[in-house]
Amino acid sequence: MAKTPVLTPQADDFPRWYQDLINKAELADNGPVRGTMVIRPYGYGLWERMQQEMDARIKETGTQNAYFPLLIPQSYLTREAEHVEGFAPELAVVTHGGGKELEEPVVVRPTSETIVNEYFSKWVQSYRDLPLLINQWANVVRWEMRPRLFLRTSEFLWQEGHTAHATYEEARDFAARIHRHVYGDFMRDVLAMDFVLGRKTAKERFAGAINTLTLEGMMADGKALQLGTSHELGQNFAKAFDTRYLSKDGTQELVWQTSWGSTTRMIGALAMMHGDDDGLRVPPRLAPVQVVVLAIKGDDAVLAKVHEIGDTLRAAGIRVQVDDRTDTPFGRRAVDWELKGVPARVEVGPRDLENGTAMLVRRIPGKHSPGGKEPVAVDALVGLLPTVLEEDQALLLTQARARRESRTSDVRTVDEAVEATAAGGWARVPWAALGEEGEARLAEHSVTVRCLVTEDGAVPDAEETPGNVALVARSY
């Protein structure tokens, strides 16, 4: 009789596989209010590592962290018409507080451009106050009609950056720097994610922005997921909030602005880009636990050895957890660590102790792959594991990139693009052959233009540049 799989196989039902994984890897649970989620300790540990890595990169740009209120006067949102129109269907509005009806309703923060600009207009007086570079780590609420843990929830965690500059060029260049060197470098070098850097079309750009830069990743089922965005706001919010500065020439000028954000959606992306039928595969540079050392049996000598190995690896700078819970069957513990995607397991039992070895199981190549499971001398672990972890980090990125490249087709028409995406891939179609009319036709088939790129895959200078290519896909 065939053994029932721990997770629904991806090939059978990818959405069900994802739901099983989030539950069984103990990443999150549904909250009591529809669309909310409880992030469990292991899932939050992934988010904390993401925060640490991204926060360091954000601060390298000269940006400082701050915090703005969760509750925003409703009148603030009405000042920028395009912005409020874009967010109106998603707003959560508070009308009562302290047992009384409020004189003015307040909106639960969907994003902070409006309240940030209220204070930027007070803080910016002179060119000497620029650039003003602010970031905050916070939660936001956008009422979600079709919630899905990590991917689309009514409340989620994120960072949102807001900046003010003296010139258009400074703002444009800063938005591009965040796009490529904060988000791009982090996602490639730490999350081992493959993505396409591009420009959103006018239809898809952020409400109130003059340009939106995006990172789009292909998930294991061929659908696209937006991983992060960086927006040029132009002077739209500066005009609405009268955010001006005294220039060196003594004239009053409006500032130029950017905003940019990435969210806990990255945890969902991590699962769907790298996960397999055995669970998560966490990139070693991200992993809160890079190596777990397991005692196979509760023998005193074995327990002493696993703790000794753990201490040795920890001293070498490896993030280690010792699993000495021998009152729980070894097989169950091994499966749990596979589900959680810990990059490497070091398993030690009485026989290993006699031989001076341990069984090294590498999660990313897989225990059934060449080199995925092999006995290693205990004394060699501290020298071997850093190399193994870096090899496996690189392998994840290579696999993700190979998937995207092999499942992206060059087409010439809307019908060909729809056919390619229905087959579980992406399509590249000349923007000149598509245009806004073709973009609308794609939407009728639940296909969207994820971004525009140049023919050689770079980010276009402008939407209408000749030779631009539209990257189209079904998306989450």
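## A bridge between β18 and β19

V361 finds its bridge partner in β19, namely K373. Strand β18 (residues 357-362) runs antiparallel to β19, and five bridges join the two; strands count as paired if DSSP finds at least two bridges between them. Helices (H or I, at least four residues) and strands (E, at least two) are DSSP runs, numbered from the N terminus.

This is a predicted model, where local features need pLDDT of at least 70 and side-chain atom pairs count only at pLDDT 80 or more, while totals for chains, interfaces and linings use all residues. Residues are numbered from 1 along each chain as its sequence is written, and side-chain values use heavy atoms, with hydrogens and water left out.

## The five-stranded sheet

Zooming out, the open sheet has five strands in the order β16-β15-β17-β18-β19, with mixed pairing. Its edges are β16 and β19 (373-377), each pairing on one side only. On average, neighbouring strands are turned by 25 degrees against each other, direction ignored.

## Helices on the sheet

Helix α10 packs on this sheet and touches β15, β16 and β17, where contact means heavy atoms within 4.5 Å. The direction of α10 makes about 175 degrees with that of β15; axes are lines fitted to C-alpha atoms, for helices over the stretch in contact, and angles run from 0 to 180 degrees between N-to-C directions. Helix α12 (residues 381-406) also packs on the sheet, touching β15, β17, β18 and β19, at about 10 degrees to the direction of β18.

Within α10 (residues 330-340), the buried residues include W337 and L339, buried being under 20% relative accessible area with a 1.4 Å probe, protein chains only. Their cover includes α1 (14-24) and α2 (41-60).

Conventions: Buried means under 20% relative accessible area, exposed over 50%, partly exposed in between (1.4 Å probe, protein chains only).
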